[in-house]
Structure formats: structure tokens, C-alpha cells
2 protein chains.
Amino acid sequence: MSTLSDRFEADYLIETPVSPEIAAAAMAGEQSSGTFVSVPGDTPELQERSAARIEYLEVIGTTETPALPGRHSGETYYRAKVTLSWPLANIGPDLLNLMATVSGNLFELAQFSGLRILDIRLPDAFGAAYPGPKFGIAGTRRLSGVETGPLIGTIVKPSVGFDAQQTADLVRTLADAGIDFIKDDELQADGPNCPFDERVHKVMRVINEVADRTGKKVMYAFNLTGEIDDMRRRHDLVKELGGTCVMASLNSVGLAGIIALARHTELPLHAHRNGWGYLSRHPMLGWEYTAWSKFWRIAGVDHMHVNGLRNKFSESDESVVRSAKSVTEPLFPSKSCAIMPVFSSGQSAVQAGETYAQLGHADCIYAAGGGIMAHPEGPAAGVLALREAWNAAIQGTTVQEYAKTHPALAAALRKFN
Amino acid sequence: MSTLSDRFEADYLIETPVSPEIAAAAMAGEQSSGTFVSVPGDTPELQERSAARIEYLEVIGTTETPALPGRHSGETYYRAKVTLSWPLANIGPDLLNLMATVSGNLFELAQFSGLRILDIRLPDAFGAAYPGPKFGIAGTRRLSGVETGPLIGTIVKPSVGFDAQQTADLVRTLADAGIDFIKDDELQADGPNCPFDERVHKVMRVINEVADRTGKKVMYAFNLTGEIDDMRRRHDLVKELGGTCVMASLNSVGLAGIIALARHTELPLHAHRNGWGYLSRHPMLGWEYTAWSKFWRIAGVDHMHVNGLRNKFSESDESVVRSAKSVTEPLFPSKSCAIMPVFSSGQSAVQAGETYAQLGHADCIYAAGGGIMAHPEGPAAGVLALREAWNAAIQGTTVQEYAKTHPALAAALRKFN
């Protein structure tokens, strides 16, 4: 947690064929008041007021092969960790211009054959300037009625292609199966095959009917990704019809759009990270999730996707765990901005125990597709098996032992192991 | 130019250790109605209505070393070009959800050790759904009074640190030097050291005074990057005080914010691409500029940064030229969305001739910092030398020949060569 007041900081992993000290100075200069040629008005006072500082520099290794192509080459490339700080007065507590300052042109600088932003630390003023998560963990539990353990969730599949009635029919099956959380796929938005408004009307009728009968209202994250005014209008419709969650694609909408939406929401905002691969897939380029997710947490999202253990994508389990743990670490003394991580991608009862062990808590959404729908005894047994797998983990029992007295779990382990 | 009507397309460069046909099918499935496990309601009719199609697949080479780390490995990695198409009815003409569809999760798929999006082609409906550039090339020439040749421009330096009065003083020097275009650095926004409103008031007083005296109004791109309502308010202030351009950082604001701004603007929108490095720097990951810039052109920006020849960054000249040429290629039969490319980064009179030769026209903003301020005879000679270098190129004369009768150019060549 940050205790900064008048400066903000960012940590980087760099690779460079020039001296790391010179390279770090180039970073600081490019992203603040440094100039390559002497210009009028550039005084020691101006530098004192505005320059970025190198707070930390540690060479962690060398390599003979550059990670990325570029203009400069050398015989040895140094890898180092660098921390820079900037005066808050350069931008004020402004997330948009923070983005241009801590990231901006850095990744293109010719001195670097690798540059990745690892983390950021901000003064409390940033927490005060933005909505932050309005619901977070406690609010999501209250609205979903899930007091302990993970929210067991799923994603409508096929991703796109169902009309509104087909979507509602699937929601009925899942609601009857006792599921806690359902989301639209990020490919499903407001196309003519499945218009947003019609989908919300048909799905909420089912969810409200089931809630009236059972007392349990499924949390459905409707994908309202779109222009600002459309997102606000769609949010209002979901709220009006009794819905309890909306979803947006962060890399489609962007930061100004998410802030505008977050200032408006009266429902939890479920954040989808599709596109994350182009920001992160090369280990010496782009963003670590810890740094990137802080922008959205401060802006005001309540749930963020973090992939899952043994997922169908390319991310390592270690990276998934690091991401998931990072989003509940408190950001400011006055406001933690802790949110719920969302696990998904090839998840079933099989990974539940390890996920709990690695995460250290059960404040999460645990979403499975085939892991529920493909359970041999049907979706209700699929949902039950996931709950049982988490219960076993939380009680400190092995899943094999627990399965002896819990047949839905036993069947899931036979199917998915 | 696209002649599609009911489908949209995207081109990719992929690298994969599995069969390219299987890999391309995985892309199409992941980004449309494909499913890994059979689910109820997935019918041939649904697939016909919603599935992405492989339109083109060409293996272009193999490698033994994967470009990116991942879960799958092999002895041989195939590189291929792939074109996919989707039914427009999946999303309608919606840029935000287009982003999630053509990019989205693709970059993370375990089958790929490299994936880069090269281009997109869209039906005319997208052109009709968004503002597009309201000023573009012709409108920028009209407002700047530069009828032919490039707009000669510069960027306020130091990037950040001047207060409003110091900025205005520099603007006076540059306006007196006859410059066409000035922009805020992307690090300068609305911090307490140099508040936006005060900067606009002080700078526009200078620009208006010079315009009253000389008849030439310098186009100044004020960086209004911020929240949506703030950007609209700042735009209105610039317009009210007689300003002729506003600027925003695309990767800070994001697509929904830029669309909201573009629906509001009555001035050219100057688009800064800072952050572009993390989207593009690895040749087998992320975005080609041709694809990425189309989102912003359709949304409604009027100028886009493309770096410069022999720049201080890591990008090759060939890539710079490809980017710059792409932004004037017409996008739709009803609307070209052609915009002005902005050259900058280490530019001087030295690169002007080659830039013109490679670009094939002079409809651009050509920005130099040191190339103007560090001219041995002062900034007025710096601006003049840049104009002379471009005039020589446009007239088909060598810059050396032209310099014989143009002393400002001669001095620039001695200084910067």
C-alpha cells in the first residue's frame, strides 16, 4: 500500500545494450522534462519542479540475444529493475494522463530491447478522485446472496449465435441448476441477432421468476460494451428490470469510457480483459497485470478476469495466481479498491482445490462452462460438484476424501480428471 | 477499399506449432460460435448464421524457434497469413464490439507462438455509423491557411514543466517565426503547474494577436486528454477563444471516449499514439498500424502520429512509411476517412526530401523540435529551412542544389546532416 503524497512511482523491467544508468536516465527524461537538445527556459528550477527521478536501479542479469528488435545493438544486453518517480503536480491525480506518463513513449525508445511495466504506486489523491469499486467483494456477496465461498459461475455458450429467447432458455436451465453467476460472452453485445434490450427483458423475466420461487436471484453480467450514452442507458434498463450486474470489455471501451460508466453505475461492474494478450504476452514487453489492473480498480470496476489454472490459453499458472492475488491488495489508506478476481477458461472441479490453496481465500467468481454443462448427471450436478470441490478445500479435506460422500463431485472428478 | 456488405474481415500473421488449418479454425471458433464441448442449441443453422469463416490461408515459412513463449511446443513452427470473416449481424456496425471480435482473446490462444493483426475491412455501414474525420486534409488546410505543402510544426519543449505564461512566451517566438502548427507535449495536460484553461487563455491571446497582425493563425493542438465531460468542456473553451485544434492521447482515452469526443468536436482532432510501442513493438505480436489506425479514423480523428524517418525510437523507416501511406487510403465508397499523417521524432530539413519521395504527397504535418529551435540562425530560419527543403522535394530539385540559393536551408543542412 502506498504512503506517497506528492509523487507517484512506477516499476519497470528493462533490457538494454547501453549502461543501465544511462538507459534509466533516458526513461526519466523522455517521460518528464528532459530534452535532447538544450532549449530556452529549461532551468534547474524547472527540473526540480517537474523532472522524473530514478528511485531504484538493480541489474538482475545479462543476455547476448536481445528480446526485441530495435535500432541499437550490443554484445551484452543488461536486464534491470528500475523505479521512477514523478511529481504529482505534473498531472494532478488524473488516471488518463498517468497512463501517458508511466507508459507513453517508453516502449518505443531505441535504447531498449525490452521494457515492461511491473507496478505503479499512487498517492491517496488518486483514490479520492475516482469512484473506485462501489460493490467489490461485500457488495457482490450481498447482491448474489452468496455469503461464503466462491460465486459459482458460467458463460453463455455458444459465445454468439443464440437469439434472446434461446439465451433465456439456457439461463432457465442454469438458474434451476442453482448457479450463482452467469455472464454474456464478450462477443455477444447488441447485434441484430440478439439485441441487448430484448435479451435483458427475456433473461430477467426468467431470473426474476426463479428468484420469486426460490429466493435466490442469479447475478447475470449483461455485456453492455458500447458508446458511453448507450452503456448508461443499458445499465439503467438492467437496473430497472431487477438485474444485479453489468459487464464491459476494458480494451474496447477504454479508460475514459469506463470512468464515465463507473461514475454512473448502481450495479457491480464486471470487467472483461479480452485483448490482454497483446498487452502482455511477450515477457519483456508491455504490462504486468498488477500494474494494469490498478487503473481499472481505481476507475471503479468490481470484478476482473484473471484466467484460470491449467487454462486453455498460453498464460502460466504462476502468472494467473499473481494476477488474482494482486487485485485484493489494498491500494490506498482511505480506500482499498479490492475487487473480486474472476477465474475462467477450462475450469472444472479439478482445479478448485489448488485455486483455493494458491489464492488463500474464496472471495472470487469461479466460472466453468463444460465443467458444468458437461457433467454426466447434468448441470445441477455440475454446479453442486464445483461447490463441493471448494467446500472440501475450505474445510481442509482432500477432494478425493470428500468425494467419497459427495457423488456429484465424485462423478465430476471421473469426468474431468 | 472495402466492397463488403454483410460481412467484415481481418487479416492476421500467425505462428503455430500445429497445422495452420487447425490453428486458423481455432481462431474462427474462439471468436465466433465455435465451442470446445458440444452444447445444447448449437445447430447447423446457428453456425450458418454466426460462425466466422476462413477466407484465406497461406503458409509463408517455418521456423524452429517460437517467437513467443507458450503452452504448446513443436519441432517446427509454421508462419502463415490468415483472413477471417464474420457476419455483420453478430455485432452490427459497432467499433467497440468489432475490437472484441477481431482482436479479443486471440493473442492468448495456446495454439499460437505468434499472432499479429495486419488489417481489417469493413462494410460501408461502419462508415455511416460514426462521425469520421470532420476536417481531415482539406479542413486542416483551410483552418491553418496552408494551401499546399506540409504544415510545418513543432512540439512545446521541455515536454512538461513550463507554466502557462512560459508556454505562451514560447508560442510567441514560434508564431513570429512563421510556424504553421504547434502542439502540447502528451505529458502536458491539466496539472496544477500548467492548468489547461489558463494555458489556453494565455496561448490563444498570443496566437490571436499574431493573427490580427499577420493574417496567419497558428494551429495549436491543445492536449485535452481527460474524462469525457472535461474533454468536451475543454474543447468548447478552445473553440470559444478562437483555437483551431484539440489533441487527445488515444491509448489513455480509449475508443468509447474518442467516439464521444468526436461526436462533439467542431475542431480538428489531433490524435497522439503514445503507448503504441506496447501494441506493436514485437513483430509477431499485437497490431499493425494499418489495422489499428482504422478504428480511430472511423471514430473521427483528423491527424494521427506516424513517427518519422531515422527517428529516435526503435521503429524502422519502412514501417513508418507504411503507416503514413495507410492513413490516406480510402476506407468506404461513401466516406474515405483520409486523414493527415503527423511526422515527428528527430526530424529536420535533412529527412524532408526522402519523406516526400516515400509518401508520394505533401498532405502531412511535419513536426521538428531541435530541427527548428536549434537552427543556427534562430527559429524563423529553422521554419524557413524546413519549408525550403519540402519545396525543393516538391519541385524535383535536390536539396543541395536548392540550398545554393536558399541560405536558411544551407545552414540547416550544415547543422543537422
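**View 1. B:His270, a buried histidine in a strand of chain B.** With a relative accessibility of 0%, B:His270 counts as buried, because buried here means under 20%. This close-up, like the others here, comes from a predicted model. B:His270 sits in strand β9 of chain B, which covers residues 269–272. Look around it and, setting aside neighbours within four places in sequence, you will find contacts with residues including B:Phe181, B:Lys183, B:Ala221, B:Cys245 and B:Met247. B:His303, B:His305, B:Val342 and B:Ile365 are also among its contacts.

**View 2. A:His305 and its polar contact with A:His270.** Over in chain A, A:His305 belongs to strand β11, residues 303–305. Its relative accessibility is 5%, so A:His305 counts as buried. The pair to look for is A:His305 and A:His270, whose side chains are joined by a polar contact of 2.8 Å. Beyond four places in sequence, A:His305 also touches A:Lys183, A:Ala271, A:His272, A:Arg273, A:Tyr289, A:Val342 and A:Ser344.

View 3. Helix α5 of chain B runs over residues 136–144. Its buried residues are B:Gly136, B:Ile137, B:Gly139, B:Thr140, B:Arg141 and B:Ser144. Just past the helix, B:Gly145 adopts a positive phi of about 70°.

**View 4. Helices α3 and α12 of chain A, packed together.** Two packed helices are described by the angle between their axes and the distance between the axes. For α3 (residues 95–102) and α12 (residues 289–299) of chain A, the axes come within 11 Å and cross at roughly 170°. That crossing angle makes α3(A) roughly antiparallel to α12(A). On the α3(A) side, the contact is made by A:Leu95, A:Leu98, A:Met99 and A:Val102, while α12(A) brings A:Phe295, A:Ile298 and A:Ala299. By residue type, this contact has seven nonpolar residues, no polar and no charged.

**View 5. Where chain B meets chain A.** Here, 96 residues of chain B are in contact with 96 residues of chain A. The size of an interface is often given as the accessible area lost when the parts come together. Between them, chain B and chain A bury about 7,400 Å², with 56% of it on carbon and sulfur atoms.

Terms used
Residues are numbered from 1 along each chain as its sequence is written. Chains are lettered from A and ligands numbered from 1 in the order in which they are written. This is a predicted model: local features need pLDDT of at least 70, side-chain atom pairs count only at pLDDT 80 or more; totals for chains, interfaces and linings use all residues. Side-chain values use heavy atoms; hydrogens and water are left out. Axes are lines fitted to C-alpha atoms, for helices over the stretch in contact, and angles run from 0 to 180 degrees between N-to-C directions. Helices (H or I, at least four residues) and strands (E, at least two) are DSSP runs, numbered from the N terminus. Angles under 35 degrees count as roughly parallel, over 145 as roughly antiparallel, 65 to 115 as roughly perpendicular and the rest as oblique. Contact means heavy atoms within 4.5 Å. Ala, Val, Leu, Ile, Met, Phe, Trp, Tyr, Cys and Pro count as nonpolar, Asp, Glu, Lys and Arg as charged, and the others, Gly among them, as polar. Buried means under 20% relative accessible area, exposed over 50%, partly exposed in between (1.4 Å probe, protein chains only). A polar contact is a pair of N or O atoms within 3.5 Å; within protein, one must be able to donate a hydrogen and the other to accept it, and residues adjacent in sequence count only if both atoms are side-chain atoms. Buried area is the accessible area (1.4 Å probe) that two parts lose on being put together, summed over both.
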